[in-house]
Amino acid sequence: MNCKPLLTAALLCACSAAATAQEEPPIRIIKPADYAVPVSISGFQGEVESVLKFDLSVLGMAITAPDKADYLVSGKANGDVEGSLTQSGSSRPLWLRAYNGGTPRSLAHAFADDIAKEIRGTAPIFQTKIAFRLQQGASTEIAMSDYDGYHVTQLTHDGKLVDGPAWIPGGRGLLYTSWQKSTEAILEQDLATGARRVFANYPGANLSPAVSPDGQKVAMILSRNGSPNLWVCDLHGGGLLQLTRTREEDSCPCWSPDSREICFVCRAGRARMQIIGADGGPARPLRAAGVSANMTAPNWSPDGKWIAFTSGSVNFTLCVLSAEGGDAQSLVAGEDPCWAPNSRTIIFARRVNNKSILCLLDVPTKHVKDVRQISGSCSEPSWAR
Amino acid sequence: MKNVNLIGTILLSGALLAGMTGCHHRPPQVTEIPNVGPQPQPPGGNNNLTPGNPGQNPNQPQVTQEPIPLTNGPFTRLFEDPNHVENREKFKDDTIHFDFDSSVIKPSEEAKLQAVANYFKDNSNYEALIVEGNCDERGTEKYNLSLGERRALASREYLANLGVNPERIKTVTFGKDHPVDPGHDESAWKQNRRDEFILVTPK
């Protein structure tokens, strides 16, 4: 799963070692996050050019002509990809790098990751994976793909109902609720071997698994004690602990990046978000001002600063809120947000013509790009982190 | 240009390339699950659970009924027994409906639950009941899954109060994924916010 970033890492090491012998590079300034940096791309054609354009647009850059650009991307693709990044007005590039050993798509993604790191200062995301729920006809299945919707692999073929998947950190597997047998159970699927096992099949509901970022624990909704409440256990299924005992239903758990807290939805007249320690203790409300409609489907950014969520009941809006609480900011129409590893990009679902499609949102610039369209309805995306 | 020479120095090792290729082209395989049976309970069962604080909001409307735990008991096997079938017709007219975003049993629905309860008072111990909780399309997927389960549990608690052994009642939630009316207006939504009752009966 995570082999490809090695390509970039190896290149970066080689580059920085070689670069020390050279003159000082020009002064670089990372522009404000919400500035749509104009970038030109020249020398590339076909798939490599389209990948570069798509990837840089995802991070809110504006593809433009060289005379209007702040940064000039140039190079050539001839089996391998060679490319340089130059600041406007500079006579020499910030760097010149070569990429080989993969498909044109993967080489272009690796090049784009280096450009994004330089211009936006963000962690690489263009070689990462997503998993989601794929509805075709009456059945729903689990599928995964590249972050941009290419290379879709359908992971289940049960012809039954499933709910959206959750990654095990490191990308070795997924947890999801399946109605393969008449009642629902949480299954764990290993992506290397394809083996599946029952993770949780307690009496009553077994819903909404979320694996902690440290890979140690799983939060989920169980109704075995008579109410749909929040529970945690370790990734091997032991150490089961009931965290909430409300009579109204709890839902939608997600983890803080330090794996110590869980944000979830507790219905109190209208759905509201709460935060609770993973070892128990009292829950505290997450104060969200400026949003009147139901708040569900929270997702905590990997840098710990933000919680994205869905507001509304039929016309959904994506919102972000400081993890400390405060004023919520409405972003775009959509539901079920999930943060990318860069804590800047969000993947979400949007309804178009009676089906759901997956889209990428650059939070600071609010720029939206649809991922590659496939037949069927795609929803509940989860970004491998 | 000095930088051009860099290209030659940045060739990746053959081992790395081989590893990448192997990774990239191996599609995940899918295997059949042999059986979805009851999960082993944690050591000590329910009594071993560390109680967490409920963290209840004081403004929250409370469901006053005590929760009735779901357990694997003598009736559990009826739901898996190949000699039992699911009869969806028996209680078809007793499907109950809910207000938006609510799991409260409405007075208008009580007679239907009474009819289901009466059937179980008068009939053999070889039958059981599945309650399927459903929602309209308003609300996100995972939120509705929990709401659908809460609705199914509301019927189970109501029937238990009327004397039906709760061990004979299994709950299932389908969230918003099993609408009876695929429309996008209130006339469809009010049909979709419902509990259905399925009789599990000997063949």
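Guide: Helices (H or I, at least four residues) and strands (E, at least two) are DSSP runs, counted from the N terminus. This is a predicted model, in which local features need pLDDT of at least 70, side-chain atom pairs count only at pLDDT 80 or more, and totals for chains, interfaces and linings use all residues. Residues are numbered from 1 along each chain as its sequence is written, while chains are lettered from A and ligands numbered from 1 in the order in which they are written.

Visitor: What is the mean pLDDT of chain B?

Guide: The model scores pTM 0.85 and ipTM 0.91. pLDDT is the predictor's confidence in each residue, from 0 to 100. In chain B, 68% of the residues reach 70 or more, and the mean pLDDT is 76.

Visitor: In what order do the elements of chain B run from the N terminus on?

Guide: Chain B has six helices and five strands. From the N terminus on, the order is α-α-α-β-β-α-β-α-β-α-β.

Visitor: What percentage of the 203 residues in chain B is buried?

Guide: A residue is buried if 20 or more other C-beta atoms lie within 10 Å of its own, exposed if 12 or fewer, and partly exposed in between, with C-beta atoms placed from the backbone. Of the 203 residues in chain B, the buried share is 32%.

Visitor: Which element gives the most to the side of domain 1 of chain A that touches domain 2 of chain A?

Guide: Chain A is divided into domain 1 (5-120) and domain 2 (129-383), with bounds from an automatic or database domain assignment. Their centres, taken over C-alpha atoms, are separated by 33 Å. Nine residues from domain 1 and nine residues from domain 2 of chain A take part in the contact. With three residues, the element that gives the most to the domain 1 side is helix 2 (residues 46-58) of chain A.

Visitor: Which strands of chain A stand at the edges, each with a single partner strand?

Guide: Two strands pair if DSSP finds at least two bridges between them. The open sheet of five strands in chain A has mixed pairing and the order 2-1-3-4-5. One side of each edge strand is left without a neighbour in the sheet, because each has a single partner strand: these are strand 2 (62-63) and strand 5 (95-99) of chain A.

Visitor: Which residue stands opposite A:Ser40?

Guide: Strand 1 (residues 38-42) and strand 3 (residues 71-78) of chain A pair in the parallel sense over four bridges. In strand 3 of chain A, the residue opposite A:Ser40 is A:Leu72.

Visitor: How many of the eight residues of strand 28 of chain A are buried?

Guide: Strand 28 (residues 345-352) of chain A pairs antiparallel with strand 27 (residues 335-339) of chain A over three bridges. Eight bridges join strand 28 to strand 29 (residues 355-362) of chain A, also antiparallel. Strand 28 of chain A is largely enclosed by the rest of the structure, because its buried residues number six.

Visitor: Which residue takes a positive phi near 50° in the hairpin of strand 28 and strand 29 of chain A?

Guide: In strand 29 of chain A, A:Leu361 is the bridge partner of A:Ile346. Two residues lie between strand 28 and strand 29 of chain A in their hairpin, and the one with a positive phi near 50° is A:Asn353.

Terms used:
Contact = placed C-beta atoms within 7 Å.
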